[in-house]
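Notebook open, model loaded. I'm jotting down what I looked up, one topic at a time.

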Amino acid sequence: MTGRTTDVAIVGGGLVGAWTAFFLARRGQRVTVLEKGVVGAQSSGVNFGNLRLQGCFPGQYPLSLRSQALWEEFEALTGEDCEFEQSGHLYLAYDAEEHARLESYAEVSESCGLAIERLEPADLRRRWPWLGQQAVAATFSARDATANPRLATPAVMRAAARHGASVRENTRVVDIGRSGDGFTLVLANGETLSCGALVNSAGAWALGIAERFGETAPLFPAGPPQFVTEPFPYLIAPSIQAIDGSVIFRQIPRGNVILAGYPRTAADPQANRAPVPPAKTLAAMRALARVAPVLAQCHVIRVWSGIEAYLPDMIPVIGPSQTTAGLFHAFCFCGHGFQIGPGVGACLSEMILDGGTQTPLAPFGIGRFRSETQVSEKFRKEFD
Ligand SMILES: Cc1cc2nc3c(=O)[nH]c(=O)nc-3n(C[C@H](O)[C@H](O)[C@H](O)COP(=O)(O)OP(=O)(O)OC[C@H]3O[C@@H](n4cnc5c(N)ncnc54)[C@H](O)[C@@H]3O)c2cc1C
């Protein structure tokens, strides 16, 4: 026990902050989570809810598989249900080039221990007769899953609090300074708080904290447009995705179809805005109708997005600061943070308490951005 307010301060009460608090508090650390708004109200609460393993960046598989095991144990760990459904993920290819990409994803997935089923058009017609007839090939991963983002983060944070974590909502951190081998945080109400270790899990707002300690990353805030249709008779169990990224969709048992359409749209973290231009609704519904003509007449009843942080290499920053002992970063999840959130929290807790983690995280270090990173034209186009 020290004279410090808390052992570990966590800036950001999204899914990553919540799981980090959970694992630290469970091991007896004094943890304080500081959230400028409400727990799980940003990316972590508004996302599509996909826990996809197919098609991951190869270096992310150990973390993704560790995370999926934690999702599979969600109820036992937190004592709550988050509508976790292991109904699988189907990737569809529409031409030879996409088929080749599908096959290369499948080979990577299999080499990392994931079981992938390869499907031909006849298999698709037999198993999902309502799919359009144009797909030339598909792969299916049964371990992929979905969960309800509205339920997940608050449930994890309540479990962290039951283990003793202090969770402070509507509490914005406005400044952070070094104090001995720890940190002093200044809150918007003028209060100060001291800690030994600091976790930067502030989502699309995390860069300011990294820069405060002489580090950077070419963070680009954007939102993937999301849509939900009126209820339709329940018939779609897996998540289904066209491999060109034009559409991904799933149906919840209440009947509504949730879909996401690309490209993403630039978002504004300062104004807290992630707009969805109207043309994107029409484009997403056209893409949906190609994959599942049975849904062509469905009406969209709500449109939304959220503020997610992206990097040009489309993988996150996870790990210790390169400049400041005791500071740990976990941000820029590039659209994958819901799936890997549990594993990230577990790894951060091990870095803080054990000095390292067995899960390989080398590709994710913030040090990879020490030199100026060029943002390619192809990357920019993903955010039209
Ligand atoms: C529309 C959409 C769809 C997505 N779909 C998927 C999907 O299907 N599957 C998937 O795996 N991922 C998906 N993602 C990505 C995923 O939601 C995120 O990667 C993940 O939720 C990030 O969690 P986080 O805790 O890092 O960030 P956040 O949830 O953004 O949490 C960060 C928190 O930090 C707080 N904060 C920031 N600055 C301060 C400060 N100074 N003081 C106090 N608090 C602060 C914020 O208020 C925020 O609550 C999607 C994202 C979006 C936006």
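**Entry 1: I352**

I started at I352 and found it in helix 10, residues 337-354. Helices here are DSSP runs of H or I with at least four residues, strands are runs of E with at least two, and both are numbered from the N terminus. Before going on, I noted that this is a predicted model, where local features need pLDDT of at least 70, side-chain atom pairs count only at pLDDT 80 or more, and totals for chains, interfaces and linings use all residues. Residues are numbered from 1 along each chain as its sequence is written.

Is I352 buried or exposed? I352 counts as buried because it has 24 C-beta neighbours inside 10 Å. The cut-offs are 20 or more other C-beta atoms within 10 Å of a residue's own for buried, 12 or fewer for exposed, and partly exposed in between, with C-beta atoms placed from the backbone.

Next I asked what I352 touches, leaving aside neighbours within four places in sequence: the contacts are V8, L24, A197 and F328. Contact means that two C-beta atoms, placed from the backbone, lie within 7 Å. I also checked L327, which is 25 residues from I352 in sequence and 9.1 Å away in space, C-alpha to C-alpha.

**Entry 2: helix 1**

L24, one of those I352 contacts, is also on the list of buried residues of helix 1. I counted eleven of the twelve residues of helix 1 as buried; W19, F22 and F23 are among them. I checked the length too: at 1.5 Å a residue, helix 1 should span 16 Å, and its end C-alpha atoms are 16 Å apart, so the two agree. The expected span is 1.5 Å times one less than the number of residues. After helix 1 comes G28, with a positive phi near 90°.

**Entry 3: helix 7**

Helix 7 covers residues 149-162, and its 14 residues should span 20 Å at 1.5 Å a residue; the end C-alpha atoms are 20 Å apart, so this one agrees as well. Its buried residues include P149, T153, V156 and M157. What covers them? I found helix 1, helix 2 (43-46), helix 4 (74-78), strand 8 (166-168) and helix 10 among the elements that do. Just after helix 7, G164 takes a positive phi of about 115°.

**Entry 4: the ligand**

I got 41 residues around the ligand, the closest being G12, G14, G203, G306 and G337. A residue is near a molecule if its C-beta atom, placed from the backbone, lies within 6 Å of it. Helix 1, helix 2 and helix 10 each give two or more residues to this shell. Helix 10 has the largest share, four residues. By class I have 15 nonpolar, 22 polar and four charged. Ala, Val, Leu, Ile, Met, Phe, Trp, Tyr, Cys and Pro count as nonpolar, Asp, Glu, Lys and Arg as charged, and the others, Gly among them, as polar.

I noted domain 1 (6-63 + 149-218 + 312-381), domain 2 (89-142) and domain 3 (225-305), with bounds from an automatic or database domain assignment. Seven residues of domain 1 contact eight of domain 3. On the domain 1 side of that pairing, I listed four nonpolar, one polar and two charged residues. The C-alpha centres of domain 1 and domain 3 lie 28 Å apart.

Last, the totals: I have eleven helices and 21 strands in the chain, and 49% of its 384 residues are buried.
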